[in-house]
Amino acid sequence: MTRKTLMVVVGLACFGVALCAPARAQLQLNGAGATFPYPIYSKWFSMYQQVDPSVRFNYQSIGSGGGIKQITEQTVDFGASDGPMTDEQLSAAPGHILHFPTVMGAVVLTWNAEGVASGLNLTPEAIAGIYLGNITKWNDPALTAANPGVSLPAKDIIVVHRADGSGTTFIFTDYLSKVSKEWDRRVGKGTSVSWPVGLGGKGNEGVTGLVKQTPFSIGYVELIYALSNELPYADVRNAAGRDVKPSLESVTAAAAAAAQTMPDDFRVSITNAPGADDYPISGMTWLLVYEKQKNAEKGKKLVTFLDWMLRDGQKNAAALGYAPLPEAVVAKEQQALGRVTTEDGKPLR
């Protein structure tokens with residue numbers, strides 16, 4: 001083929017600019033951590049590729065403990081956790097880490113007990129008693145008293161909990177530490193604790209699977225996992241003495257007071273809130289980002305995504321069972337995004 005002929009062939013192949021334009025390289029942002037918000041994060045990451053096709057996300061749903069570990073070790077561009085990092089964890093990181101709340105959700109008690117299809121009410125005393133190993137039968141008086149008219153089986157309760165470091169566990173144990181002095185003394189709160197009893201499942205997915213396949217079991221998961229697996233979930237008696245169903249409205253109610261007094265670092269607990277309509281096992285989840293970004297290009301893309309998440313991404317939360325952030329928190333976070341800079345202090349917004 002002559003040079004002239006080759007040029008004609010190439011010219012025909014390149015008819016239309018889009019066909020011959022060089023493929024744009026995609027920038028990959030790597031993240032890891034909480035399983036609690038995984039469904040909404042997956043949705044956001046997919047949607048954001050339509051906003052900015054030059055970015056794609058690789059998110060590993062490995063639990064909050066893993067997310068904190070990986071962001072500390074700088075093996076990911078962002079971490080994710082349902083429990084805020086402790087002062088000790090923050091001091092162990094090689095740089096200052098910022099917390100950005102993303103959505104709010106409910107941790108629910110779900111079960112698999114023949115004859116108890118729905119309508120279970122649980123008190124704080126009963127939940128703590130079950131997980132401490134003090135309540136071992138489905139027809140224990142602590143359960144029957146809260147569920148008049150429900151025929152509870154005379155079967156052993158099989159307790160299921162998380163086996164991995166988990167922000168869902170942090171929310172659950174933070175709640176138990178507030179409502180049970182014995183729990184606070186014996187076990188405490190954290191992303192990982194020494195469980196008095198029970199079987200361990202990895203991730204919200206693992207706990208959901210164990211409950212589904214284990215007769216007469218009870219476990220705690222994020223609401224969306226119970227909904228998507230068609231598992232029942234209990235109403236829980238709150239600090240005001242009312243049995244409250246986990247819902248967007250009751251989670252939002254629990255966050256209302258905290259939103260007005262949100263600390264500048266966004267590390268806050270909304271469990272066992274005092275209002276009459278508050279679902280008591282509610283929590284926020286955070287993305288963890290270094291204040292000083294080593295890679296300026298990645299840092300700019302990450303900040304732009306966070307800005308989109310706060311403005312537009314919140315609109316998708318309710319459809320997946322999450323409560324969107326209060327407007328006061330969103331406004332405070334928009335200001336905090338200005339703190340994310342390059343290593344030499346140049347703003348990334």
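User: Start with one residue. Is Lys189 buried or exposed?

Analyst: Lys189 is exposed, because its relative accessible area is 52%. The scale is this: buried means under 20% relative accessible area, exposed means over 50%, and partly exposed is in between, using a 1.4 Å probe and protein chains only. The model is predicted, so local features need pLDDT of at least 70 and side-chain atom pairs pLDDT 80 or more, while totals for chains, interfaces and linings use all residues. Residues are numbered from 1 along each chain as its sequence is written, and side-chain values use heavy atoms, without hydrogens and water.

User: Which side chain does Lys189 meet in a salt bridge?

Analyst: Side chains of opposite charge can pair when their charged atoms come close. The term salt bridge needs a side-chain nitrogen of Lys or Arg within 4 Å of a carboxyl oxygen of Asp or Glu. Here the partner of Lys189 is Asp174, at 3.5 Å from N to O. Helices (H or I, at least four residues) and strands (E, at least two) are DSSP runs, numbered from the N terminus.

User: How many salt bridges does the structure hold?

Analyst: There are 19 salt bridges in the structure. One of them joins Arg267 to Asp87, with the closest N and O atoms 2.8 Å apart. This pair links distant parts of the chain, 180 residues apart: Arg267 is in the loop between α12 and β11, and Asp87 is in helix α5 (87-92). Arg267 is partly exposed at 24% relative accessibility. Asp87, with a relative accessible area of 55%, is exposed.

User: Which residue does Arg242 meet in a salt bridge?

Analyst: Arg242 meets Asp277, and the N to O distance is 2.7 Å. Arg242 sits in the loop between β9 (235-237) and β10 (243-244), and Asp277 in the loop between α12 and β11, so parts 35 residues apart in sequence are tied together. Arg242 is partly exposed, with a relative accessible area of 41%. Elsewhere, shared partners join Asp307, Arg311, Asp312, Lys315 and Arg349 into one network of salt bridges.

User: Where is the place of Pro263?

Analyst: Pro263 is in the loop between α12 (248-260) and β11 (282-290). It counts as partly exposed, because its relative accessibility is 28%. Contact means heavy atoms within 4.5 Å. Beyond its neighbours within four places in sequence, Pro263 is in contact with Val268 and Lys332. Pro263 and Val329 are 66 residues apart in sequence, yet 9.9 Å apart in space from C-alpha to C-alpha.

User: Now strands. With which strand does β6 pair over three bridges?

Analyst: Two strands pair if DSSP finds at least two bridges between them. β6 pairs with β7 over three bridges, in the parallel sense. Within this pairing, Val160 has Leu199 in β7 as its bridge partner. β6 also pairs with β8 (217-222), again parallel, over two bridges. There Val159 stands opposite Ile218 in β8.

User: How many residues of β6 are buried?

Analyst: Four of its five residues are buried, and β6 is mostly covered. His161 lies in this strand, residues 158-162. His161 counts as buried, because its relative accessibility is 7%. Leaving aside neighbours within four places in sequence, the contacts of His161 include Tyr131, Trp195, Val207 and Tyr220. Leu199 is also among the contacts of His161.

User: What order has the open sheet of three strands?

Analyst: The order is β5-β9-β10, with mixed pairing. β5 (121-122) and β10 are the edge strands, each pairing on one side only. β9 and β10 run antiparallel and are joined by two bridges. Val236 stands opposite Val244 in β10.

User: Last feature. What volume has the largest pocket?

Analyst: Rolling a probe the size of a water molecule over the atoms shows where empty space is left. A pocket is an open set of points on a 1 Å grid over the protein atoms alone, where a 1.4 Å probe fits, with protein on both sides within 12 Å along at least five of seven lines; lining residues have an atom within 4 Å of a point. Its volume is the space filled by probe spheres set on the points, which are joined across faces, edges and corners. The largest pocket here has a volume of about 330 Å³. It is lined by 17 residues, and the closest to its centre are Gln74, Tyr290, Lys292, Gln293 and Lys294. β12 (292-293) and α13 (296-311) each supply at least two residues of this lining.
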